[in-house]
Amino acid sequence: VRCFEDPNVVHVSGSINPLRDVGVINTELILADLETVCRRLDRAEKHAKGQDKKALQELNLLKEIKNFLDEGKLVRHMKLSEEAALLVKDLCLLTSKPVLYVANISEELLHQENETYEKLKTLAQSEGSEILKICGKIESELIELDDLEKKEFLKELGIQEPGLHQLIRSAFKLLNLRTFFTAGPTEVRAWTIKAHTKAPQAAGVIHSDFERGFIRAEIYHYNDLIQYGSELAVKSKGLMRLEGKEYEVQDGDIVFFRFAV
């Protein structure tokens, strides 16, 4: 059993009782968070002695979080105000992070009903978390193949895409991330941004000068490029557009930034 954070990816491999394994992981995370909260509590109690209103609010929230953890509950299940949520974010608590469950299924059971997997799926759904089913053995074999061989191998197995692709996409969705592209004659690059990032700030991911001197962005979408085959064809269809400072860059946008400094 392995656990990764930000997002927490709970990976249960070859387990007879995945619910028990998840429980063990959660217990370890709760204990780690209790240690963090107790350290912060000591500091908050000292600050609250002066009856500072903000310090008292923080102290009360920390006590509430500690009680919640003491009961074996995960902080992400707490109902928090916007202000309280900001404090929890500042604490970087492991049990406050979103979770993605990944079940490693054998090749033989990948397309069959599986009672063990269904138990884990029920748990994930009860938490409002996503769950993925992948086969680690198949993924390791795919690494050794070229692109054409991968397509043929996946087709034989009745799988549409590698599990790693699903995992990356689900993790991006969970973390509210988006990808846009810049392209030229010699290089194509993918850039990662938060959802709702506006064009100047997206340009700043490439270089601060791009954001500082932003003028406008020429944009078309990846799907349009695939459909029509070239940038020229996309332009001829009227699908390339100019966007200004308020435009929120979308997932799959291909962008050419114009700037002057």
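A residue is called buried when its relative accessible area is under 20%, exposed when this area is over 50%, and partly exposed in between. In the predicted model described here, C135 has a relative accessible area of 4%, and C135 is therefore buried. C38 reaches 29% relative accessibility, so C38 counts as partly exposed.

The cysteines were also examined for covalent links. A disulfide is a covalent bond between the sulfur atoms of two cysteines. The search of the whole structure returned zero disulfides. C38 takes part in no disulfide, and the nearest cysteine sulfur to it, that of C92, is 17 Å away. A pair of cysteine sulfur atoms has to lie within 2.5 Å to count as a disulfide.

Charged side chains were considered next. Side chains of opposite charge can pair when their charged atoms come close. In total, the structure holds 15 salt bridges. One of these salt bridges joins E35 to R39, with 3.3 Å between the closest N and O atoms. E35 and R39 are four residues apart in helix α1, which spans residues 18-48, and so about one helical turn separates E35 from R39. E35 and R39 are both exposed.

Helix α5 covers residues 136-143; because K137 and E141 are four residues apart in it, they are separated by about one helical turn. K137 has a relative accessible area of 48% and is therefore partly exposed. E141, with a relative accessible area of 30%, is also partly exposed.

The salt bridge between D21 and R20 has its closest N and O atoms 3.7 Å apart. With a relative accessibility of 10%, D21 counts as buried. R20, in contrast, is exposed, its relative accessible area being 52%. Salt bridges also link R40, E58 and D90 in a network.

D146, D147, E149, E152 and E156 form a negative surface patch. The relative accessibility of D146 is 41%, so D146 counts as partly exposed. Residues of a patch have over 30% relative accessible area and no salt bridge.

The backbone was examined for positive phi values. Most residues other than glycine have a negative phi. N176 is not a glycine, yet N176 has a positive phi of about 60°. N176 is located in the loop between α7, residues 163-174, and β5, residues 177-183. The relative accessible area of N176 is 35%, and N176 is therefore partly exposed.

H196 is another residue other than glycine with a positive phi, here near 75°. The loop that contains H196 runs between β6, residues 188-194, and α8, residues 199-206. With a relative accessible area of 58%, H196 is exposed.

Notes. Residues are numbered from 1 along each chain as its sequence is written. This is a predicted model: local features need pLDDT of at least 70, side-chain atom pairs count only at pLDDT 80 or more; totals for chains, interfaces and linings use all residues. Side-chain values use heavy atoms; hydrogens and water are left out. Buried means under 20% relative accessible area, exposed over 50%, partly exposed in between (1.4 Å probe, protein chains only). A salt bridge is a side-chain nitrogen of Lys or Arg within 4 Å of a carboxyl oxygen of Asp or Glu. Helices (H or I, at least four residues) and strands (E, at least two) are DSSP runs, numbered from the N terminus. Patches are made of residues with over 30% relative accessible area and no salt bridge: like charges are joined within 9 Å, nonpolar side chains (Val, Leu, Ile, Met, Phe, Trp, Tyr) within 5 Å. Accessible areas come from the Shrake-Rupley method with a 1.4 Å probe; for residues, only the protein chains shown count as cover. Lys and Arg count as positive and Asp and Glu as negative; His and the chain ends are not counted. The place of a charge is taken as NZ of Lys, CZ of Arg, CG of Asp or CD of Glu.
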